[in-house]
Structures are given as structure tokens and as C-alpha cells.
Amino acid sequence: MPDTRYLVITDLDGTLLDHHTYQWQAAQPALDWLQEKQIPVVINTSKTRAEVIELQHALNINAPAIVENGSAIFLPKTLITSLQNADWQENQSSYFRVLGKTRQHILERLHELRDKNNWKFEGFADWSVEQIVDATRLPTEDAKRASAREYSEALSWFGDDNSLQAFQTQLREEGFQVLRGGRFIHVLGQSNKGLASLVLKDFYAQQWHTLASTIILGDGPNDRDMLEVADIPVAVKSPVNDFPEINHASVFYTHAFGPEGWNEAISHFKTSII
Ligand SMILES: [Mg+2]
């Protein structure tokens, strides 16, 4: 039997970060233990690469990351020194693989369709930093990182419901995803957190020359696809929504909320993953 090595893949908001305070200290014992055992902690989030890098520094995590709802995977060059594979591109600091569509591609099509149909919407690309600060109610530096989108566009709709319906239908027919978030409508390519998790798991199996097993933690409906492809799915209790419905034979449901639940789950599986 080949050995199995584990990797942890986690959502941020409401999972590793407290839903209200964005603090993670309750999960610090588990994070320390994972680091000691050299088990990677991969952030998998709707946030941008700029936001994730900031959080990785704060959390002292040096690991790959999956950004913008599964649109791209980044492998820092501090971990992977060379990678000869046509699926991966490189920039100064990382190797990266795009599973969705680039923002440039998304914006070109959005703007063509807006002109042609006279659709009433505006997105981050249309706004100044001040306008993005107003719309997101984030502090300026956070708003800049949130607006540094590379694989999706966030927009506000100002037209009527019928035109919004037409917009969604048109974009979906052209192979885009249209997701209704709390504050914005998000347009992106056809990837998701689950698909990206599987790609990264395969990457690790090749890298390690072992079986790779995943412990995946999430709290909300947009984590469902990644929880369903997990070897060990962990549904973290949320103060604002019920556990997502997960089609999987064995799900660990935490008793505690957010980072405390995160810590609880990793503690629970400690003896089975070393
Ligand atoms: Mg969440």
C-alpha cells in the first residue's frame, strides 16, 4: 500500500475566519500542529489573489492558494522551484493555472453586450477606488485588494428584472457563470472550488509520489462542490446560515462556530491523519 499524505483545503469567511470579526486565533493550535506536521493549508476562496496573499502573511501560511471561486490556483515559487507542465504558467512569484476565464476576456464581452443591449449595470472596472470604497464599505487598502480581480467581475445592476434575466441567460449561454452574491453580481468562467481542489490534489499526488487525501472545510452553499469532492469533508457551523446540504457518505459537522469549529475538526482527525 502506498503511503497517504494529507492536505487541508479551507474556505475563509465563516470557516477559518470568524463570520463577524474575521479573527482566526481560535484555530491557531490546529494551524500550528499542521505546520509542524508539514501538512499544507490551502486557502480556497472567492477572494482575490491580493487579498489571499495579505491573509497568508497574517496567518503565517506558505502554501498554494485557490482564488476567485476556483478560477485559478497559485503555487508560490518558495515551495515549488521548477514546474515543467504546459497547463501551468508562471509570474515572478508563482506558478499558476487558470481554470476559469481572465478578467480581460470577461470585461470585453460584458462591455460589448452592455453597448449592444443598452443594459444598465456598472462594475468595479467602471469605478474609481473611492466609488469601490463606497460600494463595498471596505477601508481603502482592503477595497483596492478586493478590486484587484483577475478572473471575475463584480457588478451592480441598475436595470429592471426582465433585463437582468436576459443578461443572465445570455452570459450563461456563452459559458460564463453568473452568481448572485450578497452585495454584487459576480461574472466568471466555468470553474468552481471543487474542481480546483481536485486539480490541486492530483498535483500533490504527483509531487509527493503518494496518495493524496483532502480534508476540506467550508461553511456555506458555495463550499458545497468542494465538500462533496473531499476525502474528509468538514462542515463548519455558521452563525448566519444552516449547514449546506452535502452529498457525501461521511461529513464531520462541527459543534463550534467558525475558527473554533475549525480547530475542533482538525483536533478530531489528528490521530487518523499522521
Ligand atoms: Mg464561507
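Predicted model: local features only at pLDDT ≥ 70, side-chain atom pairs only at ≥ 80, totals over all residues.
Me: Is Asp231 buried, exposed or partly exposed, and why?
Reply: Buried means under 20% relative accessible area and exposed means over 50%, with partly exposed in between. Asp231 has a relative accessible area of 32%, so it is partly exposed.

Me: Where does Asp11 lie, and is it buried or exposed?
Reply: Asp11 is found in the loop between strand 1 (4-10) and helix 1, and because its relative accessible area is 6%, it is buried. If residues up to four places away in sequence are not counted, Asp11 touches Leu16, Asn44, Lys193, Leu217, Gly218, Asp219, Asp223 and Met226. Asp11 and Gly189 are 178 residues apart in sequence, and from C-alpha to C-alpha they are 19 Å apart in space.

Me: How should I read a pair of aromatic rings, and how many aromatic pairs does a search of the whole structure find?
Reply: A pair of aromatic rings is described by two values, the distance of the centres and the angle of the planes. Searching the whole structure gives 14 aromatic pairs. One of them joins Trp119 and Trp157, whose ring centres are 6.4 Å apart and whose planes stand at 55°, so this pair is tilted. Trp119 lies in the loop between helix 3 (103-117) and strand 7 (121-123), whereas Trp157 lies in strand 8 (residues 152-157), so the pair ties together parts that are 38 residues apart in sequence. Trp119 and Trp157 are both buried.

Me: What are the distance and the angle for the rings of Phe124 and Phe184?
Reply: The ring centres of Phe124 and Phe184 are 5.2 Å apart and the planes are at 85°, so this pair is edge-to-face, since planes over 60 degrees apart count as such. Phe124 is in the loop between strand 7 and helix 4 (129-136), and Phe184 is in the loop between strand 9 (177-180) and strand 10 (185-188), so the pair ties together parts that are 60 residues apart in sequence. Phe124 and Phe184 are both buried.

Me: Which residues form one aromatic cluster, and which residue lies over the face of Tyr95?
Reply: The cluster is formed by Trp88, Phe203, Tyr204 and Trp208. As for the face of Tyr95, Lys77 lies over it, at 5.2 Å from the ring centre, and in a second case Lys101 lies over the face of Phe176, at 5.1 Å from the ring centre.

Me: At what angle do helix 1 and helix 9 pack, and which residues make the contact?
Reply: Helix 1 (residues 28-36) and helix 9 (residues 258-273) pack at an angle of about 30°, and their axes are 8 Å apart. The crossing of helix 1 past helix 9 is left-handed. Helix 1 contributes Pro29, Ala30, Leu31, Trp33 and Leu34 to the contact, and helix 9 contributes Trp262, Asn263, Ile266, Lys270 and Ile273. Sorted by class, this contact of helix 1 with helix 9 has eight nonpolar, one polar and one charged residues.

Me: What is the phi of Glu68, and where does Glu68 lie?
Reply: The phi of Glu68 is near 50°, which is a positive value in a residue other than glycine. Glu68 sits in the loop between strand 3 (65-67) and strand 4 (72-76), and because its relative accessibility is 1%, it counts as buried. You can read His209 in the same way, for it has a positive phi of about 55° although it is not a glycine. His209 is in the loop between helix 7 (193-208) and strand 11 (211-218), and at 71% relative accessibility it counts as exposed.

Note on methods: Residues numbered from 1 in each chain as written. Heavy atoms only, no water. Phe/Tyr/Trp six-rings, centres within 6.5 Å; stacked < 30°, edge-to-face > 60°. Helix = DSSP H or I, 4+ residues; strand = E, 2+ residues; numbered from the N terminus. Buried < 20%, exposed > 50% of the residue type's maximum accessible area, 1.4 Å probe, protein only. Lys NZ or Arg CZ within 6 Å of the ring centre and 35° of its normal. Axes fitted to C-alpha atoms, helices over the stretch in contact; angles between N-to-C directions. Left-handed = near helix turned anticlockwise from the far one by under 90°. Contact = heavy atoms within 4.5 Å. Nonpolar A, V, L, I, M, F, W, Y, C, P; charged D, E, K, R; others polar.
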